[in-house]
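Me: Please take a close look at the aromatic rings of this protein and describe how they pair. I would welcome one connected account that also covers the surroundings.

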Amino acid sequence: MGLASLLSASCSPTAPDRPENAVVVGALLPFSGSESAIGRNLEQAMLLAVEDLNAAGGLDGRPFDLLSRDSHSSSERGLGQLLELLYTDRVDYLIGPEENDLAREIVPDVKGRNVFHMMPGYAAPSVARSEVSGGWMRLAASPLAVGCALAKHALREDVDAVNSIAARDDYNTSVSSEFTSHFALIGGRVLPSVTIRSGEQTYLSKIESALAPQVGSTLLAAYPATASTLITEWTISGHRGTWLLGPALRTEVFLANIPAGSLDGYIGVSPTLSLRSECRVVDEEEDTVDCATGNAAAFIRHFADHWNGETPFPAAHFYYDGVVLIAMGITYAQATGVTIPPSGRELQNILRELNGPDHEVASWRDLETAMAKLRAGIPVRYAGAAAEYEFDEFGANKHRYMNRWTIDGDTFVDLTPISVTCESWR
């Protein structure tokens, strides 16, 4: 059953039919186009979650399954595939897309069908809204958390003045805005920033405008395809300026498309993959944080063992967790008398309840025990491949720490994490 489920979940058009009683999770991923390198890796993480869940008994014997469609890395082409998932395939549980604009465009459809929409990606739009229909959850860190971490890092490095070069999309402009706002709130100087569009012929004039001599650090907030073109032009033009790097750039695709060594030593931030219980504040005054990485390393080994030595992208940890969280919520819903499938709003409320801080922890490493307790109606909160989850009233995961990293040749190198404590500044 597990093998059949994996085969049927493939994005291949020749995949066999799935089991009739399967609980189907729909996903929209970039299998082609400019962001295609990440799509297969994210799907592999979700397929692994499906297999692990089915080995743990599924939904009281019913298998889970994955139905993936291709966004083509395009809002225009991806919209049709997304609507196919909602209205032709009629999935009740949706994961993705990576494209921010697409996720925003289908809000009326999610509400209209009252489905559940899980958004694991860094570029997911905000869920800070109350709705009576449809349910949303965001797993990765918000632009506010990213901007806070970047501002605190700049302050720690005694940077006097900052600005940004940000792509004109909701996510990257939000990261830029939060970064500069937080930096201003702690007494830093913010200089004029620059926005760019993907696919421009050249970014040289924007680079010259942003990287003025008086700027201490410039945040580059863009997706890999656009950012790699800009960095290539910047390298050729003479290396003036100091970069901070947004979380969307922590991907092998970005490293593979910039001149070797061009960004060595520059700092970026992204969600830490350490569990909250693996982190501790060493020095509150200096804001020094120490986080173990055993949980993430265990998932990397699990993924590599299953996929012939391949390793998961950081975002893949969240996609694995997205599938598991949906399955946990459905299982608990059935055990407590909720009609299956639950509405999007019901499932969001259930997941928020399950992941309350007072409940017993259930690890991704022992899904058999976790699912057995949920089938018995015992609430447990999830310690996943990427995080210990706790959600706010809107369904956004609460992040306490962000990871700092740098680049060394063709490798990302992790540095000490930084706490996210900027809410009190406002």
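Reply: In this predicted model, Phe-183 has a relative accessible area of 1% and is therefore buried, the cut-off being under 20%. Phe-179, at 0% relative accessibility, likewise counts as buried. Both residues belong to helix α7, which spans residues 170-185, and they are 4 residues apart, about one turn of the helix.

Another aromatic pair, that of Trp-234 and Tyr-266, is edge-to-face, with 6.1 Å from centre to centre and 70° between the planes. Because Trp-234 is in helix α9 whereas Tyr-266 is in the loop between α10 (252-256) and β11 (267-271), the pair ties together parts that are 32 residues apart in sequence. Trp-234 is buried at 1% relative accessibility, and Tyr-266 is also buried, with a relative accessible area of 16%. Elsewhere, ring pairs join Phe-299, Phe-303, Tyr-320 and Trp-364 into a cluster.

Helix α9 (224-237) also contributes to the lining of the largest pocket, giving the most to it with 3 residues. This pocket has a volume of about 800 Å³. Its lining comprises 32 residues, and those nearest its centre are Glu-35, Ser-73, Glu-99, Asp-169 and Tyr-223. By class, the lining divides into 15 nonpolar, 8 polar and 9 charged residues.

Key: Residues are numbered from 1 along each chain as its sequence is written. This is a predicted model: local features need pLDDT of at least 70, side-chain atom pairs count only at pLDDT 80 or more; totals for chains, interfaces and linings use all residues. Side-chain values use heavy atoms; hydrogens and water are left out. On a 1 Å grid over the protein atoms alone, a cavity is a set of points where a 1.4 Å probe fits but cannot get out, and a pocket is an open set with protein on both sides within 12 Å along at least five of seven lines; lining residues have an atom within 4 Å of a point. Grid points are joined across faces, edges and corners, and a volume is the space filled by probe spheres set on the points. Helices (H or I, at least four residues) and strands (E, at least two) are DSSP runs, numbered from the N terminus. Ala, Val, Leu, Ile, Met, Phe, Trp, Tyr, Cys and Pro count as nonpolar, Asp, Glu, Lys and Arg as charged, and the others, Gly among them, as polar. Buried means under 20% relative accessible area, exposed over 50%, partly exposed in between (1.4 Å probe, protein chains only). Rings of Phe, Tyr and Trp (its six-membered ring) pair if their centres lie within 6.5 Å; planes under 30 degrees apart count as stacked, over 60 as edge-to-face and the rest as tilted.
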